[in-house]
Amino acid sequence: MPKIPRIKILLVLLVVFSCVCSSINGAVSYDDKAIIINGRRRILMSGSIHYPRSTPQMWPDLIKKAKDGGLDVIQTYVFWNGHEPSPGKYNFEGRYDLVKFIKTVQEAGLYVNLRIGPYVCAEWNFGGFPVWLKYVPGMSFRTDNGPFKSAMQRFTEKIVSMMKSEELFEPQGGPIILSQIENEYGPVEWDIGAPGKAYTKWAAQMADGLKTGVPWIMCKQEEAPDPMVVQLIIHIIDTCNGFYCEKFTPNKPYKPKMFTELWTGWFTEFGGAIPTRPVEDIAYSVLRFIQNNGSFVNYYMYHGGTNFGRTAGGLFITTSYDYDAPIDEYGLLNEPKWGHLRDLHTAIKLVEPVLVSSYPTVTYPGKNQEIHVFLPKNGDCAAFLSNYDPQFSAKMTFGNSQYDLPPWSISILQDCKKEVFNTAKVNAPSTQRKMTSVGSFSWQSYNEEAPSSDSSDTLSMEGLYEQLNVTRDESDYLWYLTEVYISPNEQFLKNGQFPVLTVMSAGHALHVFINNQLSGTVWGSLKNPKLTFNGNVKLRAGANKISMLSVSVGLANVGTHFETYNVGILGPISLTGLNEGTRDLTKQQWSYKVGLKGESLSLHTLDGSSSVEWLQGSLVAQKQPLTWYKTTFNAPDGNEPLALDMNGMGKGQMWVNGEAIGRHWAGNKARGNCGKCSYTGIYNENKCNRYCGDPSQRWYHVPRSWLRPTGNFLVVFEELGGNPDWITLVKRS
Ligand code: GAL
């Protein structure tokens, strides 16, 4: 008999020992079939609910609805910039009370998939990174960079140790069965090569070293490494995100096939239409995945919620993050989506024991047809009949029976006989959303003027500053102020052909004021945030004040080198049509003022608002740019969710009782194609758009829990000049 080296014996003993321990502790492990919890393989249905996108008062109901909808797991990202708004100063309160959220899930008897990231993407400001990170010396984001890795490690450790001390990992008796490090890093790695590979390896080892007792996942990460040879229990599982994932296979044969983001709809951008995704196609995507040996499906999003305040990121993302998810932004069931998926989950559970204990055998009875049969040794049986034809229904014979399959649909046969579900036969009721007005407001107004460049809180220098560098994202707003002198001899003063001001900006919106009069507004879009202002400007002889308010609309959330992202006016800026031809203003003296006067006075709070004089009654400003409006109102009876109907307003922000509701921009109408939508055929986010020509977002969620019965203080800031009399409070039902 060959001699076995001692180290090998030790390794084997270690593995055996840890296996025994893990099953005693109820540890989470996996094999090629599925995630194994307490020794039991599971088909897990999961749904994303991001805790800061709703209020703690909404959490129990959302989670209950998720449970009633047949989910086993709630998935959430962890939002670094919400938790560490300035270096070392942490916030785990209110909507950022992560422990409370996880415990709420636990109380409902569901598991948690915690995606620590800490890069999250997620249409969240700066992809979840705190903006101060950009200014740490030597910082280079999401690559093999010392300052970045140490900041990422510090935050990841902070979260993991918080979860451990609250005993929230499954082996400790908690609900967390999976964690995630990074997010969709694979494509970046291909892009940047060696430093990307080194970073991936480091991230996997760092995460693995934290010994959470549950597996880590890395989504869209084909080369997710298995960091430690000795630690055979915990590997990093690579997973799939997309509209469909049936063709995905994990990078090692011993890993389960997991679908961590099945997009239930899509996000909305200001200027875009509202994407929807038919539930028949979502159910079809789920079953194509599961019949091909998939065992974990997460709906991204199950409840999208609201990007309150200035948390919306990626550029031009709306305040609503409804996502056409099964539970709508307001916490109401989006039917028939919720109900049809609940029926799907019930059917999957009926065949779960069969699915986790056998591999499918596939046959091809006809064109666009497949049959997947699961036949474990114990004699049980489950089958999936598929008709992939996008146009024609099919009659399929299986066993001794015939089954009708609508186009683009899959049926589950319990015991290989009884059809318990078909993806295209929807029995759940449909609902229509209704917004009923329950009151209008009586406003007072305060007009904000362009600041003067010599006031104490402006900063002066030659040339143009990048916006974020100055604001550090403390505000969306940065004033760029300068003066131009016009000689009385200028021709244009006589012929009335005013010179053209050209301003190039990295984004995202720009209001140009000449001598305090609005001269024009321009904005970019998600695809092209850069903008150029090009307009005739009414200059007069002598000194002229040029005041430009540059406005950011959420910071980019996708990509790698976040340290290179720019916002604001980078130039050039020129004036053409003068006697001298063109005058370049780029390098002259500019003054900068961060934020609005109303922001520094905290006009959004009751206390702050008393510091200025407000106009009332017939004097209330209408269609005036840069106007603050305030009012008080009583909460309507009942418990239906509430919203502000902002149709008639332009662009700005809103607060109620000091809480930031978000950015409003009903003035940005939905472009694009809103044609017919069929559930059949391959889906993409442009396929089933709705509400073209309407505001991309008209209604803005006002959480009930932010209101008291009477005397609620509502403030709206308007940049463009809307009509506040049109604003109403509506009930959603
Ligand atoms: C994914 C990303 C998510 C989210 C989604 C689109 O690629 O991982 O965080 O951004 O796209 O909604």
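Cys121 counts as buried, at 12% relative accessibility; buried means under 20% relative accessible area, exposed over 50%, and partly exposed in between (1.4 Å probe, protein chains only). Cys219 is buried too, with a relative accessible area of 1%. Cys219 is in no disulfide, and the nearest cysteine sulfur, that of Cys121, is 9.2 Å away.

This is a predicted model, in which local features need pLDDT of at least 70, side-chain atom pairs count only at pLDDT 80 or more, and totals for chains, interfaces and linings use all residues. Residues are numbered from 1 along each chain as its sequence is written, and side-chain values use heavy atoms, with hydrogens and water left out.

A disulfide is taken as a pair of cysteine sulfur atoms within 2.5 Å. The count comes to 4 disulfides, including those in the table.

| Disulfide | S to S |
|---|---|
| Cys381 to Cys416 | 1.8 Å |
| Cys674 to Cys692 | 2.0 Å |
| Cys677 to Cys688 | 2.0 Å |

The torsion about the S-S bond of Cys674 and Cys692 is about 85°, so this disulfide is right-handed. The link of Cys381 and Cys416, with -70° about the S-S bond, is left-handed. Both Cys381 and Cys416 are buried. Cys677 is partly exposed, with a relative accessible area of 27%, whereas Cys688 is buried at 0%.

Charged ends also sit over rings, meaning that NZ of Lys or CZ of Arg is within 6 Å of the ring centre and within 35 degrees of the ring normal. The charged end of Arg53 lies over the ring of Tyr321, 3.7 Å from its centre. That of Arg277 sits over the ring of Tyr244, 5.1 Å from its centre.
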